[in-house]
Structure formats: C-alpha cells, structure tokens
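Hi there,

Here is the structure I promised to pass on to you. Have a look at it first, and my notes follow below.

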Amino acid sequence: MQSQDYKKRLKLQLIIILSIAVMSCGVPTVPTALSSLLERESIRVGTVYGAGTFYNGAEGPQGFEYELLAGFADYLGVTLDLYPFYSYEVMLEQLEEGNLDIVATGDAVTSSLKNRFAYGPAYQHVKQELVFQAGTSKPRELLELDSPIIAVAGSSQAHLLSDLLNGFSDKETDSQKVSLRTEVVTTEDSDSEELLQQVANGDIAYTVADSNRLALQRRRYPNLAVAKTLHEDMPMAWALPLNQDDSVKAALIEYFGTVHQSGWFTVLEDKYFGHIRQFDYVDSRAFNYAAETALAQYKPLFQQYAGDLDWRLLAAMSYQESHWDSDAISRTGVRGLMMLTLDTASDWDVDDRTDPEQSIRGGSRYFASLLNRIPARISEPDRTWMAMASYNIGMGHLEDARVLTEQQGGNPDLWVDVKRRLPQLRQKKYYRTTRYGYARGDEALQYVENIRRYYDSLVWLDEQGKI
C-alpha cells in the first residue's frame with residue numbers, strides 16, 4: 001500500500017478539484033472536507049473493539065477494519081487518529097457533531113442509518129442471522145419468540161430488528177391482527193461477540209449477528225446455530241457526516257477502487273475471513289474437546305521443539321495430520337503425530353515415528369526447512385501457508401501451482417492467488433503442462449485452511465487459559 005508521495009498528492013488534488021467542480025460549478029470560497037483533512041495532516045476515525053474491527057495484539061494494532069483504515073490514511077498521506085468507542089450511539093453522535101471524520105465499525109448499513117449519515121462505497125456484504133443455541137428448540141417465527149432477542153444498542157442489528165418489527169406492526173389491519181410476542185432488548189454492557197458467547201453458554205436465548213462475526217465466533221463456539229436469516233445482503237460501508245460535501249467520499253471511492261484493483265483487499269479479506277467461511281459443526285466441536293483434553297500431554301513437546309515457530313501452529317498441524325494420535329497411520333503409510341514418511345523420518349533422524357517426541361522434533365525441523373526454501377521475498381503469513389501446503393503435497397507441486405498462477409496472470413507470491421490454482425493440479429489440462437504432474441492440490445488447499453482454523457482456535461483457547 002505504499003506509493004510515491006508526488007503521485008499521491010497529484011491524485012488527491014485532482015479529487016479535490018473534481019469534487020469542488022461537481023458541488024459548486026465555480027470557484028470555491030470555502031475549503032472542502034478533504035482539503036481541510038489534508039491540511040490538518042490527520043484523519044479522525046471512530047471504531048469499536050472487536051476481532052474483526054480493531055484490537056491490540058501481540059504485534060501491535062490488528063483487525064480487518066484497522067488495516068483498511070491504516071491503508072486509507074497512508075493513501076492520503078496523513079496520520080491515522082483512531083478512537084475506539086464502547087458505545088455505538090456515542091460514537092455516531094461524535095460523527096454528527098463533527099468531532100470525527102469517519103466511523104468504521106465493521107457494521108452493516110440499515111435504512112434508518114442512511115437517514116442520519118452519508119456512506120462511502122460498500123466494500124463487503126453480509127447476512128444478518130438470528131442465532132440460537134444448537135440443541136434447543138429452533139424458533140420458527142420471528143414474531144413469536146418465547147424469550148427476548150438481545151442486541152447491542154445502536155448497532156445495525158438493533159436498527160434492523162426495530163425496522164422489521166415496526167414493519168410488521170404497520171401491516172396490521174382490523175381483520176388481521178399480527179401477534180407481536182417478540183421482545184427486543186438492547187444493551188451497552190456487551191458487544192456482539194460477547195452476546196454470541198452468551199447464546200453459546202445458554203445465558204441468553206437469542207441474538208442477531210452478521211455473518212462475519214458469526215463465522216469468527218463459531219470456530220470458538222460450534223454450538224451457535226442459525227434459526228433464520230433476517231436479511232440476505234446488507235452492505236458494509238464507512239459512515240460520513242450527512243451534510244458534508246462529497247470530497248472525502250470521492251477519496252474513499254478512489255481508495256477502494258485502488259485496493260480492489262491491486263488485489264490487496266482480497267489478500268486482507270482472506271487473512272481475516274477466508275479460512276472460516278465454511279463451518280463444520282462436528283469437526284469444530286471435536287477439535288475444541290480434543291484441545292481441552294488430549295493436547296495437554298503433548299503441549300510441552302510442541303513448546304520444546306517449536307523453535308522459531310509458534311508452538312500452537314505446530315500443534316494445529318499435528319491435529320490436522322493425526323488428531324493427536326501418536327499411533328495414527330494413513331493409507332499411504334505415513335505415521336505418528338506429525339505423519340512422517342519413512343524417507344522424511346530418516347532425513348531428520350527419527351527412528352520411531354510413533355514416538356511422540358521424535359515425531360514432533362522431526363516434523364518441526366522438516367517444516368522449518370520448508371519455510372527456509374520459500375523465496376525470501378514472500379512475506380508472512382503467505383510464506384507459512386505455502387510451506388504448509390508443501391508439507392502436504394511437496395515443494396515441487398507447490399512450485400507447479402505458483403507457475404500456473406503466474407501463467408494465468410496471478411501473483412505467485414500471494415497465497416490468496418496460489419491457493420486458487422492448487423485444485424488445478426488434479427485436472428489433466430493443467431497438470432500435463434507442469435513439471436511434477438498430477439497432485440491432490442484441492443486436498444492441500446483444504447489442509448491449509450483447516451490448520452488456519454485450528455490455529456486461530458488454539459490461540460483463543462490459550463488466551464482464555466483453557467489449554
């Protein structure tokens with residue numbers, strides 16, 4: 001996302017000139033919102049804490065929204081002044097009062113919110129789901145729930161529920177009355193992720209969550225179930241003051257056009273959401289149970305032999321390989337916790353593949369060697385995902401996928417591009433042109449995506465003190 005300051009300034013000056021021309025068709029007498037922002041050399045943004053928005057991680061600020069915002073500030077050549085809020089309404093009021101330039105909550109845009117704010121371009125679309133605890137009675141009708149729906153005050157979910165229930169009420173006639181048993185309770189004491197946790201724990205019966213947040217939480221709480229989709233396609237966009245000129249909006253349109261065209265948005269989306277879109281209840285529940293029970297006996301070995309790797313990543317790989325069964329054996333003869341072949345075991349001084357310590361030590365060193373063979377120009381986490389794919393199908397087949405990626409106009413140094421070509425390694429029209437021929441590339445893709453989910457879950461479980 002870095003660009004030359006000179007070109008950046010020229011582009012932004014053009015945006016300012018065009019937006020002024022559209023608004024006034026003449027020479028402006030007052031500065032535009034964008035020119036004021038550039039003169040200030042900072043952009044003031046409101047957001048909320050959350051796994052998909054903004055949080056302070058071990059390596060500094062993180063989150064999907066945060067990275068997009070940091071990219072926009074860099075694109076403008078200004079400082080990002082980020083203000084995390086605990087209340088949607090307080091944050092939106094600050095935007096209305098002119099104390100913020102943008103509000104970026106990772107929240108969807110409802111019709112009622114459109115009456116209060118202007119919005120930049122939609123960069124994602126999400127579903128809004130009525131969520132309940134699996135194993136309890138599934139509700140059939142939104143209007144006749146036996147317990148209240150709990151939603152975050154001021155959120156898109158609260159606005160959507162209000163709009164839906166008011167809409168049903170407006171349709172009542174003398175001849176046909178609609179029974180509105182459903183109660184909506186809003187809260188500022190919990191965020192959307194906490195409400196999902198409360199549903200999973202049985203503390204509350206229902207909440208509404210967008211598909212992004214639900215996907216993030218389901219890997220932690222697989223007993224979260226969807227009762228009903230309340231809205232199929234709601235746009236995600238950043239809010240702007242309603243009565244402000246369109247200059248900042250024009251800059252946002254240019255920015256999102258640039259990040260989409262460059263492929264960076266796709267990379268970022270894959271980083272946070274690409275591996276969790278698919279949900280397997282049985283697998284997620286089995287993994288969480290195994291992590292809290294079977295992992296303890298092997299955890300010291302993963303920590304001892306991880307080296308420069310994160311031990312939780314090594315443990316996630318081992319679960320994908322063997323489900324932490326030291327006696328595991330595949331149909332092809334690979335064995336042990338890290339499923340080593342005879343040749344690999346010999347290369348890394350493993351005499352007994354079923355011995356947990358030898359298997360973990362050998363698997364860790366082998367994976368580290370694969371990481372070192374990935375070209376240095378490939379940055380993290382892409383190099384890790386590529387090394388992981390090669391652990392499954394071999395470095396030669398990974399290189400075949402990277403060659404196919406380049407031949408088809410993709411970037412062979414980006415995992416998001418390479419993973420799309422991995423399944424082609426089992427299609428004759430593609431593998432007959434490659435150096436190493438046929439490979440089960442689709443399995444390698446699923447292998448990596450599974451480990452990414454397991455790793456995320458282990459990080460969360462570790463942070464909660466559950467492993």
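**What I found**

P381 lies in the loop between α15 and α16 (382-393), where helices (H or I, at least four residues) and strands (E, at least two) are DSSP runs, numbered from the N terminus. The peptide bond that leads from E380 into P381 is cis, with omega near 5 degrees.

Before you read on, please note that this is a predicted model, in which local features need pLDDT of at least 70 and side-chain atom pairs count only at pLDDT 80 or more, while totals for chains, interfaces and linings use all residues. Residues are numbered from 1 along each chain as its sequence is written, and side-chain values use heavy atoms, with hydrogens and water left out.

Most residues other than glycine have a negative phi, and most peptide bonds are trans. E41 is not a glycine, yet its phi is positive, about 65 degrees. E41 sits in the loop between α2 (33-40) and β1 (42-48), and it is exposed, with a relative accessible area of 51%. For the cut-offs: buried means under 20% relative accessible area, exposed over 50%, and partly exposed in between (1.4 Å probe, protein chains only). H323 also has a positive phi without being a glycine, about 55 degrees. H323 is found in the loop between α13 and α14 and is partly exposed, at 48%.

Helix α13 (residues 311-322) has 12 residues and reaches 16 Å from its first C-alpha to its last, close to the 16 Å expected; the expected span is 1.5 Å times one less than the number of residues. Because 11 of its 12 residues are buried, α13 is largely enclosed by the rest of the structure. Among the buried ones are W311, R312, L313 and Y319.

Helix α3 (residues 64-76) has 13 residues that should span 18 Å, and its end C-alpha atoms are 19 Å apart, which agrees. α3 is mostly covered, with 10 of its 13 residues buried, including F64, F72 and Y75. G77 follows α3 and has a positive phi, near 75 degrees.

*Salt bridges*

The whole structure holds 20 salt bridges, each being a side-chain nitrogen of Lys or Arg within 4 Å of a carboxyl oxygen of Asp or Glu.

- R213 pairs with D210, the closest N and O atoms being 2.9 Å apart; R213 and D210 are both buried.
- D413 and R377 meet at 2.7 Å, N to O. D413 lies in the loop between α17 (395-407) and α18 (415-421) and R377 in the loop between α15 and α16, so the pair ties together parts that are 36 residues apart in sequence. D413 counts as buried at 17% relative accessibility, whereas R377 counts as exposed at 59%.
- K419 forms a salt bridge with E449, with 3.1 Å between the closest N and O atoms. This pair links distant parts of the chain, K419 in helix α18 and E449 in helix α20 (residues 441-463), 30 residues apart. K419 is buried at 12%, and E449 is buried at 7%. Salt bridges that share partners join D270, K419, E449 and R452 into one network.

*One more spot to look at*

Y206 is placed in strand β10 (residues 206-210) and is buried, with a relative accessible area of 6%. Y206 and S147 are 59 residues apart in sequence and 7.4 Å apart in space, C-alpha to C-alpha.

Best wishes
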